[in-house]
Each structure stands twice: as structure tokens, then as C-alpha cells.
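Here is a short report on a two-chain model. Please look over the sequence and the structure before reading on.

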Amino acid sequence: MGSSIVSYGLQYAGYLIEASLLLYLAGSRQRKGQASVVFYLGSLLALEAARGWALHAYGLSSWRYFYVYWSTDFLLVVSAFLLVCLFFRRACLHEEKMWRFARLLLVFVFLVVLGISGLIFSHNYSHLFTYFIVEFNQNLYFTCLVLNTLLYLLLQQIESTDDQLGLLVCGVGIQFAGPTAALALLHLTGGERFAQSITTSVMPICNLGMLLVWAYAIVCLRDKETKVARHKIPTLAEVTAESNF
Amino acid sequence: MIVAALVLILSTALFFFYFQVTCQRILRRQFDREYFQSIANANRLEFPSLRKSLEEFGAPVDYSRLRMMLKCDFLALTYLLKNAANVNQRYSHDERLLILYFRWQFLSLAVRRLLRVGENKAILKLTAVLQYFANVVGQRVNAVKFGNLTAADYLLNL
């Protein structure tokens, strides 16, 4: 009971930060390069809202909620993959050759995940939601974690000066790695109670962790950049004082 | 079963890797000047001398004394972070994350001590966190004008 209250608290704190970050980005003047963040935050909020609505309308044990839940889960994983793609694009903004290779790699990886999941689905044709989507989501989620780590290594390799992107990638890494580990533990223990409670608490904690790192990257780093930029520009009085009039 | 175990090991390792990298990225923040020295002097903090002795001589220090020094500096700095020239009287998100990182590294220091592997590296990481905290406190105190008081005077009167 206590752990589920904490879990709900963390979940709602996450919604609040997602909405605040979106509002901050909407009101901010510098929107360049933030499309990936806006896209992911927007899809998180919209899909969570859809889930909440379905739960309220149909109830936890209904089939309709079951379908809505797994469909939104599928869309969430696909949007996570697209987020990683957009981060790759941002990292390779001045490296066209690298981007061409990364684009091919991303498409290839997506097709491989789709193929493997499809192969499993072909053996259990009647269970679209229980086999294909669960398998596809797990595979793609783990793939996103691996691709995100590759992106981090790429940023180190090209000595990227985009500090904000570095922190955004680290935040995504926390968000992907925690739940993946928890789900693997759940799978290994065969759904033991302690593994279930770990999974229930790890997921919102990691989501919150990612959002806080993103908030730091978006709000604090931008503030510092603005302050540095302001510091560099001399005022009219300073220019006049320095000149020999 | 083997695949699930591999995924568990890999993703747990990656989780801690990303946690560490995030903290190190926050610690890389540049301050407009070095505030930590005046804060350390005013509060008789020992981490700058500890860091200097490790960097210059790599000399092993008495472990129990070292733990005590780091812990005392950490407690003093976290108190100052919360109370010195902080209108909200609470930690920011990045400070909370770094507090967690410090505790994690403190634990890792004990493990490294047992295994006798990379002790000095862990101590340097801990002093880097303390230096960051001292810089944040110094910057905040510097931003607030207290008549003719310097940052050190203000902290001595706190």
C-alpha cells in the first residue's frame, strides 16, 4: 500500500514536470534544436492522458483498457526510438557523412527488431497483443538503450560541444536502463513479489530522474549560456566610455 | 534465461554508468571564478589540502581520519548549501543528485579500500563534489551584498 502511494506520487510528479517543461519550452524564445524534446514530452503526456481516460471510462479489468494500454505502450516505445533518431540527427548536424551512415543503421536496426518480433508473432498468430506487442516493445526498448549508448560514444568520438545534448542523452540512458534492468529481473524471477515491487518503483523513479536531468539541461544550461552571452555584449555606456571621445 | 541475465547485467551497469556520467557532467560546470578557496578558508574545510596532497604527492592518508574529514566537510557544505544565501532554504535538483552521488562514492570508497583498488580516484571524485558545493555556496554568497562584508566574513558570522 505504502509503496504504491509513493509510486503514484512519483508518477504524478513526473506528469507535473513534463507539463511544466513543455510550457517552459513553449514560452521560451530559443526553440532551435528542441524539437526532439518537445516531441517526446508531448507524446508522453498525450499517451498517458489517453491511458488515464481509458482507465476512468472502462475500468482496470476491462478488455478495452487492456487494448488501449498495450497500444499506447507500443506508441511510447516507437516514440522513444524516434527520440533516439532525432538525437542522432542533432549530433550529426555538421557531419553529413556520419548522418548518412547513422540513418542506415537506425533503419536496419528497426527492421531487424520488427523481423525478430514478427517471427515470434508468426508462431502465435492469434495473440497480437500478448505476443507481438510485448515482444516488440521489449526488443525495441533494449535496442533504444544500446543505440543511446552508441550515441553517447559517438558524441565523445566527435568531441561534441553540445553540452545540452550530452545531458539529454544521459537522461534518456537513465530512463531506458532502469526499467530494462527491472523487467529483466522480473523475467528471471518469474514474477516474484519483490521483483514486482522493484519494477513498480523503479519505472517512475527513472522517469522522474530523466525529467529532472532534462529540466537541468534545458533550464539551467540555457540560463548560463544566456548569462555568458549577456556578459560578452558591452552596453552603450561602456562602449562610449572606452572610446576616446 | 541466459539472455535475460545478460540484459539484467548490462542494463544495470549502464544505469550506473549514466548516473555517474550525468553527475560528472554537472560537476564540469564552469564558475566565473574559483569561489571554493574562500569558503574552505572561512569554514576550515580540509578537502582542498587533501586534494592537493593527493594530486601532488599521491600520499596515502590515514583512512579513518580521511573518512572523518570528508564527512565533516560534506555536512558543513550541505548545511551551507541549504542555509547560506539560499532564499528557498532547500536543495536544487542537481544538488540532490550530487548528494546522492557523493554518498554512492563514499560507499564505493569503502569497497575500494577493502579491495585495495583505485582508492585515490574515489577520493578525488569526492573532493570534486565538495569543491563544486563550495563553489555554488561561494557564488550565492557573492551574489548577495551584505554591506562591506566579504564572503568569508559573512560565513564566519552565520
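## Contact between the chains

Two residues are in contact if their C-beta atoms, placed from the backbone, lie within 7 Å. The model is predicted. On that definition, 15 residues of chain B are in contact with 20 residues of chain A. Two elements of chain B, α1 (2-27) and α5 (93-115), each give two or more residues to the side that touches chain A.

Which element gives the largest share of the side of chain B that touches chain A? The answer is α1(B), with 13 residues. By class, this side of chain B has nine nonpolar residues. Four polar and two charged residues are there as well.

## Chain A: overall make-up

Chain A has eight helices and zero strands. In sequence order, its pattern reads α-α-α-α-α-α-α-α. The chain has 245 residues, and buried residues make up 28% of them.

Contacts in chain A can also be sorted by separation in sequence. Take those between residues at least 6 apart: 67% of them join residues at least 24 apart.

Domain 1 of chain A puts 14 residues into the contact, and domain 2 of chain A puts in 11 residues.

On the domain 1 side, the elements that give two or more residues are α3 (63-91) and α5 (128-157) of chain A. Of the elements on this side, α5(A) gives the most, with nine residues. The residues of this side of domain 1 divide into 10 nonpolar, three polar and one charged.

## A helix pair in chain A

How do α2(A) and α3(A) sit against each other? The axes of helix α2 (residues 35-58) of chain A and α3(A) come within 9 Å. They cross at roughly 175°. Angles over 145 degrees count as roughly antiparallel. The two helices, α2(A) and α3(A), are therefore roughly antiparallel to each other.

From α2(A), the residues making the contact include Phe39(A), Tyr40(A), Leu47(A), Ala50(A) and Leu55(A). From α3(A), they include Tyr65(A), Val68(A), Leu75(A), Leu76(A) and Phe87(A). Charged residues take part too, including Arg51(A) of α2(A) and Arg64(A) of α3(A). The contact of α2(A) with α3(A) divides into 16 nonpolar, four polar and three charged residues.

Phe66(A) is also found in helix α3 of chain A. Phe66(A) is partly exposed, with 15 other C-beta atoms within 10 Å. For scale, Phe66(A) and Tyr216(A) are 150 residues apart in sequence. Their C-alpha atoms are 35 Å apart in space.

## Chain B: overall make-up

Chain B has seven helices and zero strands. From the N terminus on, the elements run α-α-α-α-α-α-α. Of its 158 residues, 32% count as buried.

In chain B, the contacts with a separation of 6 or more can be sorted the same way. Residues 24 or more positions apart account for 70% of them.

## The largest nonpolar core

The largest nonpolar core has 85 residues. Ala134(B) and Val137(B) have the most contacts inside this core. The largest share of the core, 14 residues, comes from helix α6 (residues 163-189) of chain A. Why does this core lie between domain 1 (34-154) and domain 2 (161-231) of chain A? Both domains give residues to the core, so it lies between them.

## Ala134(B) and Ala40(B)

Set aside the neighbours within four places in sequence. Ala134(B) is then in contact with Tyr35(B), Phe36(B), Ile39(B), Ala40(B), Leu45(B) and Leu77(B).

One of these partners, Ala40(B), is found in helix α2 (residues 36-42) of chain B. Is Ala40(B) buried or exposed? Ala40(B) is buried, with 22 other C-beta atoms within 10 Å; the cut-off is 20 or more. Beyond its neighbours within four places in sequence, Ala40(B) is in contact with Leu45(B), Phe47(B), Pro48(B) and Ala134(B). Ala40(B) and Phe106(B) are 66 residues apart in sequence and 20 Å apart in space, C-alpha to C-alpha.

Terms used. Residues numbered from 1 in each chain as written. Chains lettered and ligands numbered in written order. Predicted model: local features only at pLDDT ≥ 70, side-chain atom pairs only at ≥ 80, totals over all residues. Core = buried A, V, L, I, M, F, W, Y, C linked by C-beta atoms within 7 Å. Buried ≥ 20, exposed ≤ 12 C-beta atoms within 10 Å, placed from the backbone. Helix = DSSP H or I, 4+ residues; strand = E, 2+ residues; numbered from the N terminus. Domains from an automatic or database assignment. Axes fitted to C-alpha atoms, helices over the stretch in contact; angles between N-to-C directions. Parallel < 35°, antiparallel > 145°, perpendicular 65-115°, else oblique.
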